[in-house]
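Please look over the model below before reading on. The report goes through its strands, surface patches and salt bridges in turn.

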Amino acid sequence: MHTINKKAVAIAVALACSLPVYAQNNDQQDSKSKDVEQQNSGLEIISVTATKRKTKLMETPVAITALTEAELKKNGVNNIKDIANLVPSLDISTATDQSAPVISMRGVRSTNLTELGDPAVGVHLDGIYSPRMQGALALMYDIDRVEALRGPQGTLFGRNSTVGSINVISAKPEFENQYGQLNIEAGKFNSRSIDGLINIPVTEEFAVRFSAKGLKRDSYLEGYYDPNQYDTRRLSDEVLNAPVISEDSYQGVGQTVTQRENWWIDGAGTDPEAQKVRQLTAADKSDFYNNADEYSFRISTLWEPLDGNFSNHTVFQKYVNDSNNNLDLVNCDKLRGRPAEMGGDCTNFLPSDNTYQAVVNVPGKLNLDITYLRNTFNYTINDQYDLVWLVGYEDMERSSAQDSEVGLDPWDGATYFLDGTGAESFSTELQLQSDEYGDFIWIVGANYFHEKTTTVGYYDNPMDDKAFWDQPDRSTDAYALFGQGTYKLTEKLHATFGYRFSDETKQDKGGRTYRCSNADGCAVGWLNRTELNNQPVDYYEDPSIYASYFENDNKGSWQHHDFRVGLDYDISEETMLYAYLASGFKAGGIGDVYEVVNDRTGEVTRFETKFDPEEVLTWEFGAKSSFFDNSLNLKAAFFYTDYTDMQYASVGSIGNVERLSVVEDEDGAPVIGEDGQPILDYQNQPVIAYYTQNVPGSTIKGLEFEFDWKPYPNGRITGYVTWTEAKITEDWHTKWDYDSEYLFNISYEESKDPENTLLTTNLRGNNLAMTPKYTANISYTHTFDLGEYGFIHGWFNASWKDKAYTTVWNLDKHLDDMDFAVSDEATKYIDDSRDAFAVYNASLKYEPKEKNWYAEMFINNASDETIQYWNNTSKGIPKGSFGMPRYYGIRAGFSF
């Protein structure tokens, strides 16, 4: 566990003591009780900050969903990932290799979650941009509301809000009363959590609020450790000495590939005991992949002098995740019933026919430590002008270990990020705002953002290649000037104009990628398994032992102009129409640099993987209306988006080079010479990289309809329905990179060869990933008033999503234009389509008449739906990240 960053602590102490000027959004000028006005006969009136000033939700001309803390708790929300089903056109999954969420909104998402990538949906905490998506997984507690804005937010929110913005707004200290709350939860998978808060009004002018949350949960996976894999250095003696099930490999004994078909096991070393095939060992669920062990606390202060004309709100927050990481799982539901001649189903290479299982030889580890500091200073210059100053600081430290091939391939591999990996960012924004009473209401401002990321880690193929990344200074500097104003053309008609100028520079200084392989003598050599496993586990964490390196120094700069033009018309006091045309922008990237040595000639070839900015231009028409004395709110929006140069990141080949490598037979096993060692030869092999390319052009259009209805005092029905169509509409000639080995029955080298004409394809007409055509969500709440005996609240939620694609490849659309070697029947078991699914949640809650405590039973994913989000199919095995299985438990809490 990392210690709290000294710099952050020093700043926090200075703020708490002297209460100077830091920053946030002016959305928090009023207390939480003023943000939601409860209407006895109708719905509460919610205030939001989509325009960087407080406005009523139903009077704000933008598609926005506001979720209160009560709704978040009822839906069991722990972090941003959990709100995916609560917001129209939103989908959130997890990229396990980076321990970060992948947020998709209206068909647009980011697939590069490394330090080189940026999100397409900006995440803001208390109005301040949070650059690293890992921070979005921080625990959510003591929240005033979450605002999800859809559509380009380029003029006001700027960078990386290409298609929307999510703002998590914490509860502010209050001056009126001292009070506290404590909540506990216990559930399936030995889950337990506790959160609480205490609000202290120190004086009439100064208040402090303390809040915290902790969560622990065992893994929901059926986990195993495998002593038969190549690298066993991290396994316990219990695992290494598991019962022997076969004296030799290739006896058809065992449940996994590495038990039954290890071509190297008999010749890989000199220790006879290490060559025997052994049983798998069941993992302890308390410290296995996909468990939870995290906590967070927050200290916030509010100062509002009674005789002053300013207020200052400061937030210091800490988040620590000390879990065992996550990893990709096999979609056994999709494979079920596949004949053995096509590769078989999960029972052919895993212990059971269960998606929620994993076999590993590298125990998972994730240490994520994030320190936040946010401050908002609001100053009233006079009756006409207000000054707002926002400042934010964020420091993230991360280390992790993750098994890469999860026992599905004898070619072992793992990824490690070491201490020293992290990101530090600083942002500040100065706003000048007009009052809200004239014919022209406006805001102008300037923004500066700086981020420095460091990456220290390596990918380890224990049999051969290792790549060590030492990137001490990858930085981003972004400047922006912006302004937006709304002019009252008539009493009912308003025009909005916005503009933003952005200047962004990304640079890599001093970055190095170190290389180690059998060919250069750094690695221990082919089949020297015994020698490898006698090495310390941290042996390859020292870059000084690597044979060579190449420099990654790189730099790129981009400028952009964004605009917004809109009209809104008040048909009546209850109904408004709006329309706008707006642009959004995400800067390009410097990418990684690769220098590759030809083993035969010694010639060095340099590859740079820069990519261009992506842009969107969206036209939206919407309507918002309240009916029946504000007991029914309806919101509808139609949008059309022109999406240019979408940034798509994936692992692929960027060239070829001659390497001294093992000669393989037709089954992929090394050819062994008379001396018992593999035969080596110079072979043309691909240069594999994780890089980003630009998709030329796409079109996205959709319709969103939201409703919130209180048909009678004790009942409420809320939800939405959406229709979306997102397609690539321009020619995109590229190399087919979706499980090429299996589909074309070719070698790994052929599948990665960028010049292999067999793989040339045009993806025009394909659907964008994670964008169902139809979705629907409905919640129903009813309160039973028991008089002096209190209240019972019943809640039910159903969420449905139509079929969709988990990648951009749309395999089933290319069965006729690609020369696949496998049958159409075989492709259905591994394609990237996701069937339609429904998720059901419910709870039953009791409160006494005084409402000073409660007890609740709940169930999430009641139908135990297996939902795949991220897709990473290879060699005929569909893998990816999945949502949790059925989860249920009890909650209780009290106020004091």
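Predicted model: local features only at pLDDT ≥ 70, side-chain atom pairs only at ≥ 80, totals over all residues.

Val277 is found in strand β17 (residues 277–278). Is Val277 buried or exposed? Val277 is buried, and its relative accessible area is 0%. Between Val277 and Asn228 there are 49 residues of separation in sequence, but their C-alpha atoms are 6.2 Å apart in space.

## Two covered strands

Strand β11 (residues 164–170) is mostly covered, with 7 of its 7 residues buried. In a regular strand, side chains alternate between the two faces of the sheet. In β11, Gly164, Ile166, Val168 and Ser170 point one way, while Ser165, Asn167 and Ile169 point the other way, and all are buried. Strand β8 (residues 121–125) runs parallel to β11 and is joined to it by 5 bridges; here Val121 is partnered with Gly164. Strand β10 (residues 143–150) runs antiparallel to β11, with 7 bridges between them, and Ile143 has Ser170 as its bridge partner.

Strand β29 (residues 512–516) is also mostly covered: 5 of its 5 residues are buried. Arg512, Tyr514 and Cys516 point one way from β29, and Thr513 and Arg515 point the other way. Strand β27 (residues 466–488) is antiparallel to β29 and joined to it by 5 bridges. A further 4 bridges join β29 to β30, again in the antiparallel sense. Arg512 takes part in both pairings: its bridge partner is Asp470 in one and Glu551 of β30 in the other.

Which residues make the nonpolar surface patch of about 690 Å²? The patch is made by Phe497, Phe563, Val565, Leu581, Leu617, Trp619, Phe621 and Tyr640. Strands β31 (554–570) and β35 (614–627) each supply at least two of its residues, and the largest share, 3 residues, comes from β35. Tyr640 lies in strand β36 (residues 632–662). With a relative accessible area of 37%, Tyr640 is partly exposed.

A negative surface patch is formed by Asp419, Asp538, Glu541 and Asp542. Asp538 is in the loop between α7 (529–533) and β30 (548–551). The relative accessible area of Asp538 is 42%, so this residue counts as partly exposed.

## Salt bridges

Side chains of opposite charge can pair when their charged atoms come close. How many salt bridges does a search of the whole structure find? The search finds 36. One of them is between the side chains of Asp142 and Arg209, at 2.8 Å from N to O. This pair links distant parts of the chain, since Asp142 is in the loop between β9 (128–129) and β10 and Arg209 is in strand β14 (residues 206–217), 67 residues apart. Both Asp142 and Arg209 are buried.

The side chains of Arg336 and Asp353 also meet in a salt bridge, with an N to O distance of 2.6 Å. Both residues lie in the loop between α6 (332–335) and β22, so the pair ties together parts that are 17 residues apart in sequence. Arg336 is partly exposed at 39% relative accessibility, and Asp353 is partly exposed at 29%. In another salt bridge, between Arg716 and Asp708, the closest N and O atoms are 2.7 Å apart. Arg716 has a relative accessible area of 22% and is partly exposed, whereas Asp708 has 18% and is buried; the two fall on either side of the 20% limit for burial. Finally, a network of salt bridges links Arg106, Arg150, Glu620, Lys635, Glu704 and Glu706.

Terms used:
Residues numbered from 1 in each chain as written. Heavy atoms only, no water. Buried < 20%, exposed > 50% of the residue type's maximum accessible area, 1.4 Å probe, protein only. Pairing = 2+ DSSP bridges. Patch = residues over 30% accessible without salt bridge, like charges linked within 9 Å, V, L, I, M, F, W, Y side chains within 5 Å. Areas by Shrake-Rupley, 256 points an atom, 1.4 Å probe, with all protein chains shown as cover. Salt bridge = Lys/Arg side-chain N within 4 Å of Asp/Glu carboxyl O. Lys, Arg positive; Asp, Glu negative; His and termini not counted. Charge placed at Lys NZ, Arg CZ, Asp CG, Glu CD.
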